[in-house]
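The sequence and the structure are shown first.

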Amino acid sequence: MSWKPTASFKTLHTRAKILAQVRDFFSKRNVLEVQTPLLSSTSVTDPYIQSIPAIFQKTGSQIQETLYLQTSPEYAMKRLLAAGSGPIFQICKAFRQGEVGTFHQPEFTMLEWYRPDFNHHDLMNEMDDLLQLVLNKGKAERLSYAAAFVNTVGINPHFASLEELSFCAKKNGILVNSTITDRDAWLDLILTHCIEPHFANNHPVFLYDFPISQAALAKIRNEDPPVASRFEVYYKGIELANGFHELQDSDEQRRRFENNLHQRNKLDLSPIPIDEHFLAALSHGLPDCSGVALGLDRLLMLILSAENIREVVSFGF
Amino acid sequence: MASYSTSEIRGGMKVMIDNDPCAIVDNEFVKPGKGQAFNRIKYRNLKSGRVVERTYKSGDSIEAADVTDIEAQYLYNDGSHWHFMCGDTFEQYQMDEAQVSDSKLWLKEQDKCVLTLWNGSPLGVAPQNFVILKITETDPGVRGDTSGGGGKPAKLETGAVVRVPLFVQQGELIKVDTRDGSYVARVKE
């Protein structure tokens with residue numbers, strides 16, 4: 001056990017420089033920096049994102065209340081947007097239960113921003129500007145989720161059956177021990193094992209228009225096939241950011257939350273109270289907007305060619 | 001037998017996969033931001049020596065293998081089997097050529113080595129990192145050349161062939177690093 005920092009001072013200087021560059025980038029574009037609570041009485045209902053609970057007890061009271069460390073500042077920032085904030089950004093800590101590895105820390109630094117009147121392609125343009133500034137690696141490549149699958153493994157992710165996906169994974173050398181009966185899990189496996197390693201190494205890659213089963217909080221466009229207006233950013237095969245053309249319909253959002261809770265129940269996960277403040281804000285009216293969250297620690301890893309995320313945070317978990 | 005969860009598995013652990021004892025090489029946590037968590041586990045099959053990668057859902061468990069390493073002494077080779085004895089228990093073990101594999105090139109009678117046992121039966125043997133062996137065959141080099149540049153092949157008493165400096169002569173003892181088969185130094189008798 002060592003008391004010493006896991007990051008070098010050179011790294012901490014680069015970290016400070018990147019944070020200053022990001023703040024300058026948004027300040028020049030008149031995007032307001034905000035802070036929202038990291039501790040809240042609700043959290044995400046997503047079955048594959050777990051929140052770390054914290055017990056709050058008012059001094060002198062016997063009543064214990066379960067609060068959650070936020071996995072992203074999304075709901076609170078959308079409440080600001082609904083209240084009329086205009087474009088906003090935030091640099092904050094985010095927390096994820098159980099996630100620790102080469103690219104994961106249970107506590108990490110997130111940059112999240114929202115742009116009224118932007119669709120997800122407009123926001124990809126702005127992401128590209130920011131990445132060109134901090135990475136200096138030229139323009140990003142854009143690739144639809146379907147094209148990435150068709151080009152690399154020759155299957156269409158919107159239509160392939162469970163059997164076709166499992167066969168495709170096997171054919172591409174993915175040996176899976178567990179029984180997987182979920183299309184999205186196979187898509188994730190093929191994406192992480194077979195497609196991400198083939199992404200270009202010399203510039204970022206933006207993957208857009210996800211399957212509707214992975215819409216999360218994105219709008220769904222009723223095209224043929226219908227797709228979710230969601231995008232992800234990769235550089236050197238590492239997932240850096242996730243963005244949406246944001247869902248505005250509060251009824252549809254409630255259905256998605258309830259569906260999440262149903263899935264959580266099937267997976268034996270604890271229920272999470274639905275964020276009624278967030279739904280009320282959507283009912284009041286969220287402006288047409290796009291938003292994205294970027295993992296700043298991973299960005300720093302890529303800038304510094306670090307091999308483990310612990311090397312870019314002062315004291316790694 | 002106990003089992004390990006994917007969150008506990010680290011390099012070096014011995015587990016049972018497809019009824020074969022395996023040593024974990026690496027365990028990588030893979031999780032897309034909005035997707036399911038997996039562990040990509042790389043392991044060496046201790047019977048075949050092959051390194052394989054397999055993906056598990058995070059939270060799955062793998063059965064532990066009863067694999068232990070013991071200190072032993074290499075006794076002799078009877079033509080088909082290599083015989084060893086544990087220094088603590090005086091128990092004897094034998095292995096065939098496939099099991100001793102490349103280690104046989106470094107095993108000299110009476111030398112210490114490490115046996116890997118699975119359920120009490122030997123799986124493999126590792127020589128010491130450094131062994132001292134006699135050169136049985138090498139071309140006469142140029143006397144007085146002590147620069148160490150160049151070099152020539154030399155056959156050792158165990159059958160191994162290593163590259164030695166030109167000044168090293170037949171009949172001399174040398175120290176060899178068994179991990180890469182490199183010459184380290186000449187040794188006085």
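## Interface between the chains

In this predicted model, 12 residue pairs are in polar contact between chain B and chain A, counting pairs in which both residues have pLDDT 80 or more. On the side of chain B that touches chain A, three strands, β3 (20–30), β4 (38–45) and β5 (51–57), each supply at least two residues. Of the elements on that side, β5(B) gives the most, with 6 residues.

In terms of contacts, 19 residues of chain B meet 29 residues of chain A. The two chains bury about 2100 Å² between them, and carbon and sulfur atoms account for 55% of that area. On the chain B side, the residues that lose the most area to chain A are B:Phe29, B:Lys34 and B:Gln36, which together make up 35% of what that side buries.

## Salt bridges

Which residues form the salt bridge between B:Lys31 and its partner in chain A, and how far apart are the closest N and O atoms? The partner is A:Glu99, and the closest N and O atoms are 3.6 Å apart. The count of salt bridges between chain B and chain A is 1.

Over all chains, a search of the whole structure finds 25 salt bridges. One of these lies within chain A, where the side chains of A:Glu126 and A:Arg29 meet with an N to O distance of 2.9 Å. This pair links distant parts of the chain, 97 residues apart. A:Glu126 belongs to helix α3 (residues 120–135) of chain A, whereas A:Arg29 is in the loop between α1 (9–28) and β1 (32–33) of chain A.

## The five-stranded sheet of chain B

Chain B contains an open sheet of 5 strands with antiparallel pairing, in the order β14-β13-β12-β15-β16. The edges of this sheet are β14 (161–164) and β16 (182–187) of chain B; each has a single partner strand, so one side of each is left without a neighbour in the sheet. From one strand to the next, the twist averages 50°.

The pairings can be followed across the sheet. Strand β13 (residues 152–156) of chain B pairs with β14(B) in the antiparallel sense over 4 bridges, and B:Ala154 stands opposite B:Val162 in β14(B). Between β12(B) and β13(B), which run antiparallel, there are 3 bridges; B:Glu137 has B:Lys155 in β13(B) as its bridge partner. Strand β12 (residues 130–138) of chain B also pairs with strand β15 (residues 173–177) of chain B, in the antiparallel sense and over 5 bridges. In β15(B), B:Asp177 is the bridge partner of B:Phe130.

## The three-stranded sheet of chain A

In chain A, 3 strands form an open sheet with antiparallel pairing, in the order β2-β4-β3. Its edge strands are β2 (39–40) and β3 (52–57) of chain A, each of which pairs on one side only.

Within this sheet, β3(A) and strand β4 (residues 64–69) of chain A pair in the antiparallel sense over 6 bridges. A:Gln57 stands opposite A:Gln64 in β4(A).

Key:
Residues are numbered from 1 along each chain as its sequence is written. Chains are lettered from A and ligands numbered from 1 in the order in which they are written. This is a predicted model: local features need pLDDT of at least 70, side-chain atom pairs count only at pLDDT 80 or more; totals for chains, interfaces and linings use all residues. Side-chain values use heavy atoms; hydrogens and water are left out. Contact means heavy atoms within 4.5 Å. Buried area is the accessible area (1.4 Å probe) that two parts lose on being put together, summed over both. A salt bridge is a side-chain nitrogen of Lys or Arg within 4 Å of a carboxyl oxygen of Asp or Glu. A polar contact is a pair of N or O atoms within 3.5 Å; within protein, one must be able to donate a hydrogen and the other to accept it, and residues adjacent in sequence count only if both atoms are side-chain atoms. Two strands pair if DSSP finds at least two bridges between them. Axes are lines fitted to C-alpha atoms, for helices over the stretch in contact, and angles run from 0 to 180 degrees between N-to-C directions.
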